[in-house]
Amino acid sequence: MTNLLPSLETPWAGSHEVLVYPVGRAPYRRQKQQIQKPEGWDVWYVHGPDSRDDHPNWTEPETSFMHRHLNPERVDHGQQSYRIFGPAGPIWAGLKTQVEVIPGQRYSLQALAHGWCNHNDRDAVPGHEDCCGDPLCSWGAGRAEYAAYVEDLPPLNGDPWSDALHTAAFTVGIDPTGGGDPTSGRVIWSSALAIYNAFHPLSVFAIADNPTITVFLQQKMIWAFRNLDGYWDGVSLVEVDQPEEPITWHPPAFDYEKTAVLFGPQAGPELRAAGAIACSHPRLKGTDAQSVEDAATGPDVCSVKAVSWAEAELRPYIEENYPHVTLSFIDGESAAEIGVKLLPPLTEDVAIGMTDPRWADHRFGEDPVSRTGAYGCLLDACAVILRDVYGTDVTPPILDQLLVNARVAYFRGNLIDWPKLCSLFSSLQDPIKHNRRLSEFELTALLKDHVVILRRDDGKHFVVLERVEGEDLHVIETWDGTRQVWTIDDYLGVRAARVVEPTLQPLPDPEPSPPPPLEPGVSPGVLFGAQQQRYGEGRDEFISRVKPPAWMLLQGYEEARRIKELSPDTKVIIRYVDNDWGSYLFADDPDAAADRFLNKFRGSLERNAPWIDFVTGLNEYIAIDDYAALRASGIWLEALCAALDRIGYPARPIGFNTGVGNPEHDHLCDARGVERQIKLMVRGARALMWAGGGFGHHAYHGSRADGFCTLTTNDSDGRPNRFHYSMRSLLSIDKVLLEHDVEIDHYLTELGAIYYDPVHGMCNAGAGWRWPATMGEGAADRYVDELLLLNRYLVDWNAHNGGRLKAALLFLFGGNNDWKYFDLEGECSRKLADAFVRIQEEASG
């Protein structure tokens, strides 16, 4: 059947025309810069106050195209969809076009639509604060796909969260007479649907009365939310010869998301039994499918987890015949590990207790005579460990059944053999079992890459160790799942295992060869400047000779003028050290918090404003898995940017300034089955981009006196170590920002060499290049060579990315006390200046 409508795939031709229907007055056309008019369509909206009680004051919308390569979740057909959104308040808007048809012929109009409706009032939705500002979360619907007839929505009750479901209503319509007024009673409309987070079909039929009919796409969004977005795709109008025959089918008793476990032909009884155990989980609603068709048919939301299948064999068949299916492939060290991976994602705390009523009476072991609620402390501890490591909802009964099925982890009926249990799971390596007491220091070192279970000093109870703070051991009490504090004397014995990250496919080496020609405005020379704690020997010589792109002052902001005298083009950045970041980040009034922060150094900033280019915000406040801080950062940075503009400072903000290795890479989040973290920085990065600011990130690299350096080595999965340390923001974070239309300048606001611990595979942030185990006082030549190599990597990245890395600031010039091992002054700064000047001279020919 031929689609009679203009395609929304057609590239925008530059028109800003829109048709306005003012309430109570005649319509008119106008030009509006925030409108992108699709070819062959009219954009329209209703404007003004409505006298009816149930209608708001309709505001002006904006429109744009959404592109698959940037926002794949907003595109269903082809490479782009169409977005209509309300930046200021409620909107009643849509698209329309006229089509030449055959009078008396029946036509079917179909379209896909969904909305994203979100607000920033965290206090209004207790329990749902993490939804605020999340581009994949809509108030009322959360992050799930949602579609319901408006007439079937729960009644308004004054609760902002549930009432928000009434925000968006989508319809499609046909005027069979060819009239162009969307408010006319002649339009035949589909039933209004409230649709959120994912596309859902809309359709309507009409018989043409005239040679021309008009089709309409309409969205009404009635609350004045911060984000009121509607997305349209897959629009078609086709001839229908006759009404389609009604199809008799038997829907399920309730809507659900089907998850099917599909075993390959070679799967043995133990593996199939593990799958059946996983499918018994009450949240999984799973099916041990008997065939591919059994697994893939059913509701629209269907997930198939394939076990013992060759991906090349199964995926093409599923994609061709069952495109609605989400297909994943599960493998593991054992049937027990596969069973754990098949469980639903963890949505609650890892901490659970053996006396939980859901399983307190479950009898466990190969000789199941003991109740979990009485003797299941070690079983519960193992479940907590696996919940943490695999991110799935492992419960004591399911773990018990998986261990019984494995027939290796129990002895004497219901006693757990810790080393044999660990042998079932590829992520638990090198098990430790002893009945000795380790010191607080030894436990802290063990926790860096091990999971740890402690045995009580009487030998009759086990708990899970989470962290050590001084003499306090913070544990999960397996009796009831609460968190408690033990002392070193409370335990005698350890069960531990080294946690191994999942094996991942190697990434390509980020260093391309040869690099393309530099884009206009991209410097081929030196990207290094420095952070300055105090004036140090050789500083003026370094700045005047090298002319660094940027220089940061931690104190003594009056020196900004001197730096500009030495090098007028050097950007001066100031950082105010305030470690009470929580009082700003989670403040009830972000705007007041931003003013409070700036007021602490406002006088100095105003006195030196002509020579200060950038102000950094809070420092190193985001850690891996700190979702609360990640989400709050967007709100905080919006407030900081607004405060700078409100006060009128010419200085621009540099935000985030995250510590090396934070937050987690997307692929590692995916491997652990947790929410991706980098996307939560998009909101704050967008605010910085709009404010003309920059994205700050710390970029240390690891070194050792034996010659090891993360700039030249790969990790165990084949990735260059600089992907994890010195260039994370450029090689991992920037990619995600670009996918969300955020193209921002980068500033590596701290970097340099620090000690790399070979035992734990981690960098020691307190041990700079002068520390003996890192390089040592006499290693300035080696340090210069490492920095020249890093500069080459950074310049090469700039050559491929529009020169958006503006500066890399070495830590530290004039270091005192704890930072003396990082100090660059004196001989090191002179050698750096000599090397950098040579690079600049070579680059200039």
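Modeller: One definition to begin with: Ala, Val, Leu, Ile, Met, Phe, Trp, Tyr, Cys and Pro count as nonpolar, Asp, Glu, Lys and Arg as charged, and the others, Gly among them, as polar. This is a predicted model, where local features need pLDDT of at least 70 and side-chain atom pairs count only at pLDDT 80 or more, while totals for chains, interfaces and linings use all residues. Residues are numbered from 1 along each chain as its sequence is written, and side-chain values use heavy atoms, with hydrogens and water left out.

Biologist: How does the lining of the largest cavity divide by class?
Modeller: Into 7 nonpolar, 2 polar and no charged residues. A cavity is a set of points on a 1 Å grid over the protein atoms alone where a 1.4 Å probe fits but cannot get out, and lining residues have an atom within 4 Å of a point.

Biologist: What volume does the largest cavity have, and which residues line it?
Modeller: Its volume is about 30 Å³, taken as the space filled by probe spheres set on the points, with grid points joined across faces, edges and corners. Its lining is Gly529, Ala530, Phe542, Trp551, Leu810, Phe813, Leu824, Ser829 and Leu832. Strand 30 (528–532), strand 40 (805–813) and helix 21 (827–843) each give two or more residues to that lining. Helices (H or I, at least four residues) and strands (E, at least two) are DSSP runs, numbered from the N terminus.

Biologist: What about the second largest pocket, what is its volume?
Modeller: About 1,000 Å³. A pocket is an open set of points with protein on both sides within 12 Å along at least five of seven lines. Of its 38 lining residues, the closest to the centre are Arg83, Trp116, Asn227, Arg686 and Trp690.

Biologist: Which helix gives the most to that lining?
Modeller: Helix 18, with 6 residues. By class, the lining of this pocket has 16 nonpolar, 9 polar and 13 charged residues.

Biologist: Changing topic: what is the strand order in the open sheet of 6 strands?
Modeller: The order is 24-29-25-26-27-28, with antiparallel pairing. Two strands pair if DSSP finds at least two bridges between them.

Biologist: Which strands stand at the edges?
Modeller: Strand 24 (428–434) and strand 28 (483–486); each has a single partner strand, so one side of each is left without a neighbour in the sheet. Neighbouring strands are turned by 35° against each other on average, direction ignored.

Biologist: Which strands does helix 7 touch?
Modeller: Helix 7 (residues 377–390) packs on the sheet and touches strand 24, strand 25 (450–456), strand 26, strand 27 and strand 29 (491–499). Contact means heavy atoms within 4.5 Å. The direction of helix 7 makes about 165° with that of strand 25. Axes are lines fitted to C-alpha atoms, for helices over the stretch in contact, and angles run from 0 to 180 degrees between N-to-C directions.

Biologist: And strand 27, is it mostly covered or uncovered?
Modeller: Strand 27 is mostly covered, with 4 of its 5 residues buried. Buried means under 20% relative accessible area, exposed over 50%, partly exposed in between (1.4 Å probe, protein chains only).

Biologist: How many bridges does strand 27 make with strand 26, and with strand 28?
Modeller: Strand 26 (residues 462–469) pairs with strand 27 (residues 472–476) over 5 bridges, and 4 bridges join strand 27 to strand 28. In the hairpin of strand 26 and strand 27, Gly470 takes a positive phi near 65°.

Biologist: Last one: where does Ser427 lie?
Modeller: In the loop between helix 9 (418–422) and strand 24. Ser427 is buried, with a relative accessible area of 7%.
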